[in-house]
Amino acid sequence: MSDTVLEQHSFGAEVGRLLDLVVHSLYTEREIFLRELVANAADAVDRRRFEALTDAALAPPAEAKIRVVPDKTANAVLIADDGIGMTRQEMIDNLGTIARSGTRAFTQNLATAKPEDRPNLIGQFGVGFYSAFMVADRVEVTSRKAGSDEAFTWASEGTGQFTLAPATRESPGTDIVLHLKADASEYLEPIRLETVIRKWADHITLPITVAQDGKDQPANEGTALWRKPKADLTEQNYAEFYRHLGHFFDQPWATLHWRAEGALEYFCLLFIPGMKPFDAVDNDREAHVRLHVRRMFITEKADLLPPWLRFVSGVVDTEDLPLNVSRETLQTTPVLARIRKALISRVLGELKNRAKEPDDYARFWDNFGPVLKEGIWEDAEHRTEIAPLLRFRSSTQDGWTSLPDYLTRMQAGQDTIYYLSGDHAETLKTSPQLEGFRAKGIEVLLMSDSIDAFWPERLDSFEGKNLRSVTQAAEETGKDEDQPDVSPLLAAMKQALGARISDVRATSRLTDSAVVLASDGKGPDLQMQRLLRRAGRAMMPAKPVLEVNPRHKLIETLSGKLADTALIEEAAATLLDLAQVQEGDLPSDASAFARRVTTLLANSLG
């Protein structure tokens, strides 16, 4: 390739849509651009150091640092690092597509490599990089990959295109030059740059300098925040580190900071976010607590917390592992197993303590309750500790309630905790499934998260009281010995519905509704069946039971018209469809249902 070649490229389609959001909406403080670029530079050096563990030729210089150099004459600011650098293709991939992380792509490329070759850094060289356009009308990135002699310059004005051309750089690393906007001249002042760095990046252990009067002046203390005594830190210190760690923009809901000494020595700083991220419940179920060994970052995939605590972020820094510890070793070492146990205990203890303040705990529960419930399903060791921390809506109470609270309100002789799961808590409150329980004053817990269809089966009981879905508790509100005998109608309806149901039976648990669906008692409850169908995982469709209210006027009327076979068949099909609609499902044949309802309305008006 000739040195005069200047390649023109278009951004990925998503860049044009999101760049304006990043520049004008994502960050409330423009100065955050410096935090993002410095954090990316620090991660690049960490990554180079890690790769040097298996290839010494890639080692960064002993005096590796991040240099910030303002140039008033050129109206520009340079951010330079001695990190891993990027190849031409990596610059296209990482800088030409917003929200794509070079660090994550690096991990994906090594998916088939040896476990010890799979570090995962927290850097997000994507959205964070584009924050540079908050203060710059042109950005130039010159980078040379460690182990390569080639360098390239990427340049863009933040519109629809970028250019790429061969360049020179004396050593591996990356230079980012920001050509500042007219209203961003404050970032040409060394004192302003130093202030921003101390505010947002003082905890970064890599030295950061700001050029002033021709000399590089230290701009950060460079000590690991998590190794400092708690007495030396303020809430602001914690908040700044929390935002850097997870690229958050809120305040942490909880901060846990301690040092373990004795047979095992480590430092730990954990955060529970104050707001739900976009992907709080997602396909990535791994916790991302960073593991450091003697201050050096190793990986954030050490499984230091289980998936049901994946909302927790933070750092664990231990003295008891070698720097070149492999992924395989991490999975088997008793050191990490003991640390993991301690971390889980600390987090659960914090939640138990904060749960004493209902309003405060409700903020956490609204954000991460569905994730915590996963622990009931998959973690037998901690199931009984998690259960009291769960919160529910109730058929009789306002706000959130808990299993211990439910026990205090149980009726004399009641030995079961009843619950109803569905898609929406407000809809559940008016469900016909509750009519019989409400009539007898029995409280029912209302559950509207997808996981609620699964975990009660694993918990099974709480403090000696069984958990039971009301859709599987058809007769537990008691029998009405004086209810009308509608058995001939039931038989006719069962014959009319055929294979669509497993049975049609009378029930005393309805007070207002004519019909309701119930599980046949041999399989999962109705909500689990519904979720399995939606996911395409129902092997053999479970046939529901159609329960009929003998005291309802419609049922009484139908009982007197058994001779009209066509009417009974139409009514049976319509009532089954109505029961499905009550449960939040569509009729099996929506068009036929609509025709039947239309005909019935027309006849009633005729």
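**Close-ups of a predicted model**

**View 1. Leu-372 and its neighbours.** Leaving aside residues up to four places away in sequence, Leu-372 touches Trp-308, Leu-309, Leu-351, Tyr-361, Phe-364, Trp-365, Ile-386 and Leu-389 (contact here means heavy atoms within 4.5 Å). This is a predicted model, so to speak of local features we ask for pLDDT of at least 70, and for side-chain atom pairs 80 or more, while totals for chains, interfaces and linings use all residues. Numbering runs from 1 along each chain as its sequence is written, and side-chain values use heavy atoms, with hydrogens and water left out.

**View 2. The largest nonpolar core.** Leu-343, Phe-364 and Leu-372 touch the most other members of this 70-residue set. A nonpolar core is a set of buried Ala, Val, Leu, Ile, Met, Phe, Trp, Tyr and Cys residues joined through side-chain atoms within 4.5 Å; buried means under 20% relative accessible area, with a 1.4 Å probe and protein chains only. Helix α9 (residues 334-354) gives the largest share of this core, eight residues. Helices are DSSP runs of H or I, at least four residues, and strands are runs of E, at least two, numbered from the N terminus.

**View 3. Another core.** Apart from the largest one lies a core of 47 residues, with Phe-33, Met-91, Ala-136 and Val-141 among them.

**View 4. Asp-317 in strand β14.** Asp-317 sits in β14 (residues 313-318) and is buried, at 0% relative accessible area. Its side chain makes a polar contact of 2.7 Å with that of Arg-227 (a pair of N or O atoms within 3.5 Å; within protein, one must be able to donate a hydrogen and the other to accept it, and residues adjacent in sequence count only if both atoms are side-chain atoms). Asp-317 also touches residues including Trp-226, Tyr-266 and His-292.

Notes. Buried means under 20% relative accessible area, exposed over 50%, partly exposed in between (1.4 Å probe, protein chains only).
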